[in-house]
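The following note sets out several points for a student reading this structure. Please keep the sequence and the model in view while working through them.

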Amino acid sequence: QVQLVESGGGLVQSGGSLRLSCAVSGRTIISYAMGWFRQAPGKEREFVGAITWSGTSTIYEDFVKGRFAVSGDNAKNTFYLDMNSLKPEDTGVYYCSASTNLFSNSYAYRSPNVYAYWGQGTQVTVSS
């Protein structure tokens, strides 16, 4: 069994920052990418950003470019989502995920369908 556990969510004022962590444990898997998604109330889950297994490629959704950054620490089996200049519209439940699919085009990692493992989510609330 593989477990992904997010932490670091909370309430922050507009313009503030948060760092989300995702700790991976359990059965060893080959993860080719780690992704972050979010879901606001009444909306579908949407892609935020991802990092490939080698750490050499990161991709982001347009609405977070320049504000959010995905990174990883393979030695700790943990990866992160650093969020800066937060806006009220960033409010939602943030999920980390692991993909065991290898794609030559990292654009494929924007789809939640390519991720086999998911965390339980952590709430991020940005007040105006």
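**Notes on the predicted model**

1. Asn-77 counts as partly exposed, because its relative accessibility is 46%. Asn-77 sits in the loop between E7 and E8. Its phi is positive, at about 50 degrees, although Asn-77 is not a glycine. Most residues other than glycine have a negative phi.

2. Ser-85 may be read alongside it. This residue belongs to the loop between E8 and E9. Phi of Ser-85 is near 50 degrees, again a positive value in a residue other than glycine. With a relative accessible area of 42%, Ser-85 is partly exposed.

3. Which residues lie nearest the centre of the largest pocket? They are Val-24, Ser-31, Met-34, Asn-74 and Asn-77, out of a lining of 22 residues. The space in this pocket comes to about 510 Å³. In kind, the lining residues divide into 9 nonpolar, 11 polar and 2 charged.

4. At least two lining residues come from each of strand E3 (18–26), strand E5 (46–52), strand E7 (68–73) and strand E8 (78–83). Strand E3 gives the most, with 3 residues.

5. Strand E4 deserves a separate paragraph. This strand covers residues 33–39 and is mostly covered, since 6 of its 7 residues are buried. E4 runs antiparallel to E5, and 6 bridges join the two. Within this pairing, Trp-36 has Gly-49 in E5 as its bridge partner. E4 and E5 form a hairpin with 6 residues between them, and Gly-42 in the turn has a positive phi of about 80 degrees.

6. E4 is also paired with strand E9 (residues 92–99). These two strands run antiparallel and are joined by 7 bridges. In this pairing, Arg-38 stands opposite Tyr-94 in E9.

7. Which residues touch the most other members of the largest nonpolar core? Among its 24 residues, they are Leu-4, Trp-36, Phe-68, Leu-81, Met-83 and Tyr-94. Two or more residues of this core come from each of strand E1 (2–7), E3, E4, E5, E7, E8, E9 and strand E11 (122–127). Another core, of 8 residues, lies apart from it and includes Ala-33, Phe-37, Phe-47 and Ala-50.

8. Is Leu-81 buried or exposed? Leu-81 is buried, because its relative accessible area is 0%, and buried means under 20%. This residue is found in strand E8. Beyond its neighbours within four places in sequence, Leu-81 is in contact with Leu-18, Arg-19, Leu-20, Trp-36, Val-48, Phe-68, Ala-69, Val-70 and Tyr-94.

9. Leaving aside its neighbours within four places in sequence, Leu-4 is in contact with residues including Cys-22, Val-24, Met-34, Cys-96, Tyr-117 and Trp-118. Two of these, Val-24 and Met-34, are also among the residues nearest the centre of the largest pocket.

How values were computed
Residues are numbered from 1 along each chain as its sequence is written. This is a predicted model: local features need pLDDT of at least 70, side-chain atom pairs count only at pLDDT 80 or more; totals for chains, interfaces and linings use all residues. Side-chain values use heavy atoms; hydrogens and water are left out. On a 1 Å grid over the protein atoms alone, a cavity is a set of points where a 1.4 Å probe fits but cannot get out, and a pocket is an open set with protein on both sides within 12 Å along at least five of seven lines; lining residues have an atom within 4 Å of a point. Grid points are joined across faces, edges and corners, and a volume is the space filled by probe spheres set on the points. Helices (H or I, at least four residues) and strands (E, at least two) are DSSP runs, numbered from the N terminus. Ala, Val, Leu, Ile, Met, Phe, Trp, Tyr, Cys and Pro count as nonpolar, Asp, Glu, Lys and Arg as charged, and the others, Gly among them, as polar. Buried means under 20% relative accessible area, exposed over 50%, partly exposed in between (1.4 Å probe, protein chains only). Contact means heavy atoms within 4.5 Å. Two strands pair if DSSP finds at least two bridges between them. A nonpolar core is a set of buried Ala, Val, Leu, Ile, Met, Phe, Trp, Tyr and Cys residues joined through side-chain atoms within 4.5 Å.
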